Amino acid sequence: MDQADVVIVGAGHGGAQAAIVLRQQGFAGSILVIGDEPDLPYERPPLSKDYLSGEKPFERLMIRPAAFWAERSVTFRLGARVTAVLPDKHQVETDGGATIGYGKLIWAGGGAPRQLTCPGADARGIHYVRTRADVDRKVAELSQVARVAVVGGGYIGLEAAAVLSKLGKQVTVIEAFDRVLARVAGEPLSRFFESEHRAHGVDIRLGATVVAIEAEAGVATGVRLGDGDVVPCDLVVVGIGIIPAIAPLIAAGARSGNGVEVDGQCRTSLADIFAIGDCAAHANRYAGGATIRLESVQNANDQATVAAKAIMGGADEYHAVPWFWSNQYDLKLQTVGLSIGYDHIVMRGDPATRSFSLVYLRKGRVIALDCVNMVKDYVAGRALVVGGVSPDLGLLADPAVPLKTLAVNA
């Protein structure tokens, strides 16, 4: 039986960061990272952007080169999936039949794309965006594709739509809600991005439910909607969220809800087992203390740092301010904070100029900002969110007033 002092399940951003921080903190024990893909850790956000478009080769997505891991004696078992966790024995089992012992276990398993379940969902030509292999399969088909249906108007769907539109494809985005980005942003931002995509020739279908995928000879040819309309296509891209990959932890008895529950140091209810990243449900101060999951690189990296320091005996807890970004066409959207539960939005600037910010407030306090091509607002807005500042709304709405002055004078 193999054994490691720390076993990390998941070779994404969180798993890689946990191994890096352990070595930075002076951890001298053995570290084994188990990943279900064949590749060493790589950046995932570019998959739906630069990598899909062909602007960035895979080599430039690597979080660290192979030599980095070898120099730090971080070993990998790639192409292996953990199927069982045996907490009483401090062991995990893999789909290859291996049993691996651990002293501490960090679960950074992320999640799997939520699948379509309608009739025809097993047709060829339906693609998800989660791994390099997902995108490689899509790219291999693109030369034969003229029309693309994108199911889901969240960030993944809109980023894919932007890239595919720039590649000359006829793109239709199908969103079940009455606006895109409905789960994560205020209506002004939704309407702005809808307008931008339509200006680039993208057809946006709102309030549209998918009832079936139509196919010929097993290949998707159209998406049938609830109103009876059929969106013809040669390829379907699906971006409707993820399902946390936590089944082995749940089977082992870990407390869970929307993800596996962790405390402030990312410890699960199972002894010597931590969970980080997309799959970890944690109480977040920027969500008013609610237990949430955050699907972001920031969250994965910051939780990894907390877990690694806890293994080294540290007392740090996770209180990092959330941040996100999205690139669509020549627009750079940067978000800081969480707009959950906002009761007021202040617009800074004019969306017609394609450079503006939305400031979200709850009970007069700033809780989040969405900044489109407004880097200064994004950088200065962090202090407003962290401080829970209650600024003068008139000054807040004036783009000529630097946000940093509102933070200082609050």
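## The second largest pocket

In this predicted model, the second largest pocket holds about 220 Å³ of space. On a 1 Å grid over the protein atoms alone, a pocket is an open set of points where a 1.4 Å probe fits, with protein on both sides within 12 Å along at least five of seven lines. Grid points are joined across faces, edges and corners, and the volume is the space filled by probe spheres set on the points. Its lining counts 19 residues, and the closest to the centre are V262, D263, G264, H282 and A283; a lining residue has an atom within 4 Å of a point.

Strand β20 (residues 280-283) gives the largest share of this lining, 3 residues. Strands (E, at least two residues) and helices (H or I, at least four) are DSSP runs numbered from the N terminus. By type, the lining splits into 4 nonpolar, 9 polar and 6 charged residues. Here Ala, Val, Leu, Ile, Met, Phe, Trp, Tyr, Cys and Pro count as nonpolar, Asp, Glu, Lys and Arg as charged, and the others, Gly among them, as polar.

## How the model is read

Residues are numbered from 1 along each chain as its sequence is written, and side-chain values use heavy atoms, with hydrogens and water left out. Because this is a predicted model, local features need pLDDT of at least 70 and side-chain atom pairs count only at pLDDT 80 or more, while totals for chains, interfaces and linings use all residues.

## The buried side of helix α4

Which residues of helix α4 (residues 132-142) are buried? They are D134, V135, K138 and L142, where buried means under 20% relative accessible area, exposed over 50% and partly exposed in between (1.4 Å probe, protein chains only). These residues sit on the same side of α4 because they cover an arc of only 90° around the axis, taken from the directions from the helix axis to the C-beta atoms. Among the elements that cover them are α2 (50-53), β8 (126-128), α5 (155-166) and β15 (235-238).

## Aromatic pairs

Rings of Phe, Tyr and Trp (its six-membered ring) pair if their centres lie within 6.5 Å; planes under 30 degrees apart are stacked, over 60 edge-to-face and the rest tilted. That rule gives 8 aromatic pairs. One of them is the edge-to-face pair of Y51 and F58, 6.2 Å centre to centre with 65° between the planes. Y51 is buried at 11% relative accessibility, and F58 is buried at 8%. Ring pairs also join Y42, Y51 and F58 into a cluster.

Y342 and Y360 make another edge-to-face pair, at 5.1 Å centre to centre and 65° between the planes. This pair links distant parts of the chain, 18 residues apart: Y342 is in the loop between β23 (331-337) and β24 (344-350), and Y360 is in strand β25 (residues 355-362). Y342 is partly exposed at 30%, whereas Y360 is buried at 0%.

Q265, in the loop between β18 (259-261) and β19 (273-275), is buried with a relative accessible area of 14%. Leaving out residues up to four places away in sequence, Q265 touches F274, V306, A307, A310, G314, A315, D316 and E317; contact means heavy atoms within 4.5 Å.

I204 belongs to strand β11 (residues 203-206) and is buried at 6%. K376, in helix α9 (residues 375-387), is exposed at 75%.
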